[in-house]
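Thanks for making time for this.

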Amino acid sequence: METVTITMKNPPALYLEADNVSPDAFAGKTAAQIAELHVHEGNVTSTLGKYFDVSGNAGATAVDTKIIVKGDVKKVKYLGFKMSAGELVVEGSTDLYAGAWMTGGKMLVKGNAEGFAATAMKGGELVIEGNAGNYLGAAYRGDWRGMSGGKILVKGNAGSDIGMYMLGGEIIVNGNVDVHVCTHAEGGKVIIKGNAKSKVGGQMVDGTIYVFGSIDTMMPGFKPAGEIELEVDGVKAKFAHYIGDMGERHKKKKGQIVYANLYKKI
Amino acid sequence: MTKTVTDVICPFCGTLCDDLEVVVSDDGKQLLEVYNACVIGTEKFLHSQSKDRVTRPRMHQPDGTWKEISYDEAAEYTAQMLAKAKKPLMFGWSSTNCEAQSVGNEIAEITRACCDNTAATCHGTSLIAIQDIGLPSCTLGEIKNRADRVIFWGCNPAHAHPRHMSRYSIFPRGFFTGKGQMSRKLIVVDPRVTDTAKMADVHLQVEQGKDYELFDALRVAFKGEWLPDFVAGIPKEKIREVADMMKSGRFGIIFFGMGVTQSLGKNHNIDAAIAVTKDLNEYTKFSIMPMRGHYNVTGSGEVFGWQFGFPYAVDLTRGFARYNPGDTSTIDLLVRGEVDAMFTIGSDPGAHFPISAVKQFAHIPSVCIDPHLTPTSGVSKLHVPVAFNGVECGGNCYRMDNVPIDCRKVVEPPEGMLTDEQFLIKVRDRVKQLKGAA
Amino acid sequence: MSEYIIKNGNVFDPVQGIKGDKADVAIKDGKIVDKVGSGAKVIDAKGKTVMAGAVEIHAHIAGPKINMGRIYRPEDKLFTCTPTKGLERMGGGASIPTTFKTGYEYAKMGYTTAMEAAMPPLFSRHVHEEIRDTPIIDEGAYPVFGNNWFVMEYLKNKEIENTAAYIAWLIRVTKGFAVKVVNPGGTEAWAWGLNCLSVNDPVPYFDITPAEIITGLIEANEYLGLPHSLHIHPNNLGNPGCYETTLDTLKLAEGYKAKNKFGREQVMHLTHTQFHSYGGTNWGDFESKAKEVMDYVNKNKNITIDTGNVTLDETTTMTADGPFEHHLSGLNHLKWANIDVELETGSGVVPYIYSPNISVCAIQWAIGLEIALLAKDPMRCYITTDHPNAGPFTRYPRVIKWLMSAKAREAQVNAFKHKDKVLSQTSIGTLDREISLYELAQMTRAGPAKSLGLASMCGGLKPGMDADVAVYNFNPDKPVANPDDIEKAFSRCAHVFKSGVEVVTNGEIVSNGHKRTLWVNVKVKDNPQVMRDINEKFLKYYSMTQANYEALGHHFVPNPYTLEVDAT
């Protein structure tokens with residue numbers, strides 16, 4: 001695997017859209033060619049090299065390309081946009097759309113990632129060591145096809161609206177989450193190790209949520225369904241089981257209605 | 001001698017009453033009386049006649065005073081500002097006509113601006129919900145003619161849309177509703193005991209921020225499933241009673257306002273309200289409608305819609321249209337410090353935005369186009385007063401139910417004043433030169 | 001205005017009976033002429049196909065439900081919006097393009113006239129604003145009448161003259177083009193959550209049947225002598241077994257003859273026939289009844305149809321058939337928009353994915369093609385996708401490929417997951433007909449123009465007609481190596497002229513032309529009773545005043561073209 005390191009040298013006055021910073025876009029290019037890739041600051045299009053020092057050549061394909069992003073990229077959007085393979089490490093914090101629409105590969109953000117990280121993710125792995133913003137692993141506006149595969153791990157807290165319209169894959173948040181978890185979800189698994197606020201699983205059709213901490217207000221559409229011993233992400237514990245959202249439509253499997261499941265650690 | 005102009009459209013709120021009568025002087029220069037309008041609408045017409053009205057563009061000077069300039073100079077400043085900016089924001093559009101909006105969109109396209117309307121602070125969340133789940137709706141005449149179940153959720157038309165109830169929703173006797181108010185059940189959902197709530201057959205005093213839960217509980221109640229004893233402070237028996245009342249009507253309507261679009265839950269509240277409406281169509285006929293505020297905020301969404309494909313929060317900076325509220329929406333753009341020029345027309349963000357957003361105005365060049373003196377015009381570098389839309393010039397507008405009505409010109413604007421559209425055409429033509437556009 | 005001569009192309013013009021002969025087409029002052037001077041600009045069309053500009057008879061391209069589709073489907077535009085380019089404004093939207101993109105896309109494919117298929121009268125200002133912002137192509141709009149309270153009240157008492165006077169008033173104040181009917185009576189029933197699924201289902205309260213609405217409107221239409229006939233979307237659309245309702249509807253036209261000065265011969269145009277040609281009793285035994293429907297259509301010369309071809313895309317369905325859209329959202333659980341319109345009509349919008357892996361979608365695809373391939377008179381059967389319902393209009397080149405190449409159809413059938421079911425439930429596997437270029441010109445130009453009453457104006461290349469001309473990079477003298485070449489050739493024209501102005505060169509927009517709005521101005525005898533009725537309904541039941549309803553100023557229709565009809 002070849003490693004390309006890009007280091008912020010001239011931070012943008014506004015915000016930078018760097019949707020070409022992905023193993024896919026870098027693959028097969030030399031450092032000089034990578035520096036010529038387009039970036040956008042508002043309505044001005046210029047090159048990656050204007051803002052970043054680029055060192056190292058990329059591998060022949062995305063699979064054997066690793067990118068390390070150094071320096072202050074708090075105002076850089078779209079890192080890892082649509083990446084399908086390879087690796088991307090952001091050493092600090094980054095702005096909106098980290099790993100959005102990614103289909104494969106591994107992305108690591110060592111700081112925080114703002115909203116819309118892993119929008120409509122289909123595969124791969126995104127790890128955020130700090131906090132995630134709103135709409136983590138959610139669908140794009142208007143689309144009923146949300147995150148369908150892959151895995152997201154947030155070591156800090158996450159914002160609101162995580163896993164909206166989720167269809168598959170897994171989201172783990174070690175800390176707390178804000179309101180709205182898995183709204184309209186029809187599949188997938190979300191594990192919240194900290195606390196949730198309210199509106200957890202609203203309008204959920206199918207899928208599973210685990211909450212280790214507290215939930216301030218339960219959705220009335222989630223009906224108590226007993227207690228159960230489970231092992232979740234390596235933790236064995238007793239959980240209160242709820243099914244829902246009873247107000248929402250549900251599919252039938254072998255004559256049985258399939259509800260979404262919410263497990264709250266007791 | 002005086003003249004009476006009939007069928008005048010009121011350029012105040014989204015109710016867009018079109019039955020006003022306005023008495024004007026024989027020379028058509030003075031507006032004397034307004035009939036049929038509500039207090040707010042009347043005031044809006046009469047305000048155009050105030051003697052201290054600013055009639056020429058003004059530049060803010062370093063010492064805080066204003067210097068009068070010509071419209072050409074104002075257009076030059078505006079064009080230069082927009083053409084030089086990397087990410088200009090063109091905000092407002094809700095109190096102007098569709099013709100002006102259309103010219104504004106051309107400018108935004110040439111300068112690759114972000115453009116947004118006042119949905120940003122009222123029903124943008126409704127639009128997000130509509131994108132997620134749809135919108136079973138109808139025109140206001142349908143409610144007048146058919147509705148026997150009327151729900152006001154998080155809105156107070158008695159104050160915000162004063163003639164709504166008499167024209168469309170509660171009092172009128174329509175084709176199938178010959179008994180007027182007697183043929184309708186009124187349900188109001190509001191944490192406060194508003195004047196609208198006082199008229200209701202049932203007032204659900206929902207706990208603040210728990211509308212989403214209450215909508216969900218109604219959906220559960222429609223299906224006759226298990227409910228906790230209390231939801232959002234309302235006992236489950238009451239919820240079941242209201243659910244039955246909704247199901248037993250022949251034609252129902254949910255009107256909702258900012259009490260539910262901008263409180264905790266935001267777009268999800270509306271999403272759930274629409275889900276309630278959809279569910280009810282399994283049992284009877286039900287519709288839902290946002291109580292849009294500005295008289296032509298709906299029109300702005302329509303024009304953005306057919307020209308760019310999105311109803312608000314449109315980002316053209318990359319040369320093509322993009323949309324994602326949270327990223328491309330005005331308050332986020334301002335608070336995050338994403339834009340470097342601020343153009344406001346037909347709205348007053350200075351009065352309605354969070355202070356952290358308004359503070360950004362101070363750091364960037366700004367232009368405000370507005371017939372009134374407002375907090376926004378006060379903090380902008382350039383204020384361009386214009387003719388009053390719907391009073392001093394006509395133009396198309398869209399009512400809260402998306403029905404288009406062409407506004408009427410009632411009186412002449414003060415000598416030499418331009419309309420929004422005329423001023424924007426000057427700016428567009430100059431911007432075209434500056435950008436070398438086709 | 002410039003003069004042009006398009007030289008040495010292979011010309012296909014049913015109006016003059018030219019079947020691919022090498023000929024020149026001369027253009028002067030916006031019209032086709034016999035000859036031009038030596039200074040005329042020469043367009044070399046050697047080895048290319050030359051036809052009149054195509055005429056779209058039925059598409060949903062302007063108005064409230066289309067814009068609802070745009071507004072509520074940001075995902076329809078994700079990553080596909082196009083930038084400003086030369087004369088072209090920004091564009092966006094795969095299934096519901098923005099107005100600018102709509103005009104450019106039609107023009108680039110050689111379409112120069114298009115009809116908006118359903119205008120809710122109360123929203124006419126909106127429809128015209130969008131038409132105004134759709135560049136290049138001439139457009140008209142059909143106001144809907146099939147669920148209109150005035151119409152139902154007059155026709156309950158068989159008052160044809162009053163119905164006609166009302167139609168004349170409404171078409172005039174809305175700047176409309178023709179009488180459109182969508183699910184007659186059913187959409188009014190939908191205002192109470194009900195529907196009319198056959199031509200004999202009574203309309204709640206109004207005490208009239210769809211059959212009475214249909215025959216009454218045919219009579220009123222012919223009483224007025226409008227350019228186009230009644231344009232109908234029958235009851236029971238899209239349901240298994242609906243072909244019987246379709247045949248019942250078509251039979252209502254029996255005995256009626258067209259009366260008009262525009263050369264139109266039909267009294268009924270059946271639209272998106274594919275959606276109305278279903279057999280079976282459920283989605284499991286769903287089958288094609290294209291043959292039954294086409295047998296009837298082929299025998300009855302007072303009927304024209306369009307196909308409504310399914311293109312196998314993700315799209316956005318939208319129709320004034322409100323109850324159908326509600327039904328559809330119950331099937332696919334996707335977002336449902338509904339707009340009921342006081343006293344007049346309703347509509348709904350639901351996204352839909354025609355997946356080649358779903359047998360019903362594949363059968364629908366086959367039915368649309370069967371209809372065109374079974375049509376004996378291409379002058380009475382027109383190609384549409386009922387844009388965007390069966391697919392976006394931008395897929396016409398692909399539909400043309402399927403119609404012109406049995407090989408292309410076979411390849412698609414083989415690609416279906418449920419190939420056997422498609423072959424057993426339809427006759428698509430047995431049809432080897434390939435539509436010729438001449439027939440294509442009939443089905444997309446001369447035919448629809450005639451049906452619309454525009455035969456003297458467009459759809460042909462006869463001197464005196466508007467100079468709407470499309471030149472395709474398609475050499476009819478050479479065998480087609482790959483069916484995809486057909487699709488490619490019809491996607492982007494080498495040249496397009498609209499009213500004598502070159503608007504497209506090598507697939508690029510070179511002029512925004514002088515777009516016109518086509519509308520029909522019908523004069524009728526003064527009818528005080530109808531005017532009194534209108535006045536009363538506005539006072540009592542409409543939410544807008546009559547004066548504001550009637551106000552449709554010049555700024556909405558800046559470049560009108562009026563077809564005058566005198567029915568006094």
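Let me begin with a question: how many of the nine residues of helix α3 (residues 124-132) of chain C are buried? Eight of the nine are, so α3(C) is largely enclosed by the rest of the structure. The buried ones are C:S124, C:R125, C:H126, C:V127, C:H128, C:E129, C:E130 and C:I131. Buried here means that 20 or more other C-beta atoms lie within 10 Å of the residue's own; 12 or fewer is exposed, anything in between is partly exposed, and the C-beta atoms are placed from the backbone. Helices (H or I, at least four residues) and strands (E, at least two) are DSSP runs, numbered from the N terminus.

Some housekeeping. This is a predicted model, in which local features need pLDDT of at least 70 and side-chain atom pairs count only at pLDDT 80 or more, while totals for chains, interfaces and linings use all residues. Residues are numbered from 1 along each chain as its sequence is written, and chains are lettered from A and ligands numbered from 1 in the order in which they are written.

Staying with chain C, it has 18 helices and 24 strands. Its C-alpha trace spans about 65 × 55 × 50 Å along the principal axes. A compact globule of 568 residues would have a radius of gyration near 24 Å, and the 22 Å of chain C agrees with that. The radius is taken over C-alpha atoms, and the globule rule is 2.2 Å times the number of residues to the power 0.38. Of the 568 residues, 64% are buried. Among contacts between residues at least 6 apart in sequence, 77% join residues at least 24 apart. A contact means that the C-beta atoms of two residues, placed from the backbone, lie within 7 Å.

Next, a helix pair in chain C. Helix α8 (residues 243-251) and helix α9 (residues 290-299) pack at an angle of about 5 degrees, with their axes 10 Å apart. The axes are lines fitted to C-alpha atoms over the stretch in contact, and angles run from 0 to 180 degrees between N-to-C directions. The two are therefore roughly parallel to each other, the cut-offs being under 35 degrees for roughly parallel, over 145 for roughly antiparallel, 65 to 115 for roughly perpendicular, and oblique for the rest. From α8(C), the residues C:Y243, C:T246, C:L247 and C:L250 meet C:E292, C:V293 and C:Y296 of α9(C). By class, this contact has five nonpolar residues, one polar and one charged. Ala, Val, Leu, Ile, Met, Phe, Trp, Tyr, Cys and Pro count as nonpolar, Asp, Glu, Lys and Arg as charged, and the others, Gly among them, as polar.

On to chain B, with 18 helices and 22 strands. Its radius of gyration is 23 Å, close to the 22 Å that the globule rule gives for 438 residues, so chain B is as compact as a globular protein of that length. The C-alpha trace of chain B spans about 65 × 55 × 40 Å along its principal axes, and 63% of its residues count as buried.

Strands β21 (residues 395-398) and β22 (residues 404-407) pair in the antiparallel sense over four bridges; strands pair if DSSP finds at least two bridges between them. B:C397 stands opposite B:I405. Five residues lie between the strands, and B:N402 takes a positive phi near 70 degrees. In a regular strand the side chains alternate between the two faces of the sheet. Here B:G395 and B:C397 point one way from β21(B), B:N396 and B:Y398 the other way, and all are buried.

Now, what does chain B touch? Against chain C, 57 residues of chain B are in contact with 50 of chain C. The chain B side divides into 23 nonpolar, 18 polar and 16 charged residues. Strand β8 (residues 134-138) of chain B also runs parallel to strand β16 (residues 336-340) of chain C, joined by five bridges, and B:C138 has C:D340 as its bridge partner.

Against chain A, the contact takes 32 residues from chain B and 28 from chain A. Helix α9(B) gives the most to the chain B side, with six residues. That side has 12 nonpolar, six polar and 14 charged residues.

Last, chain A has an open sheet of four strands in the order β4-β3-β2-β7, with mixed pairing. Its edge strands are β4 (44-47) and β7 (76-77), each pairing on one side only.
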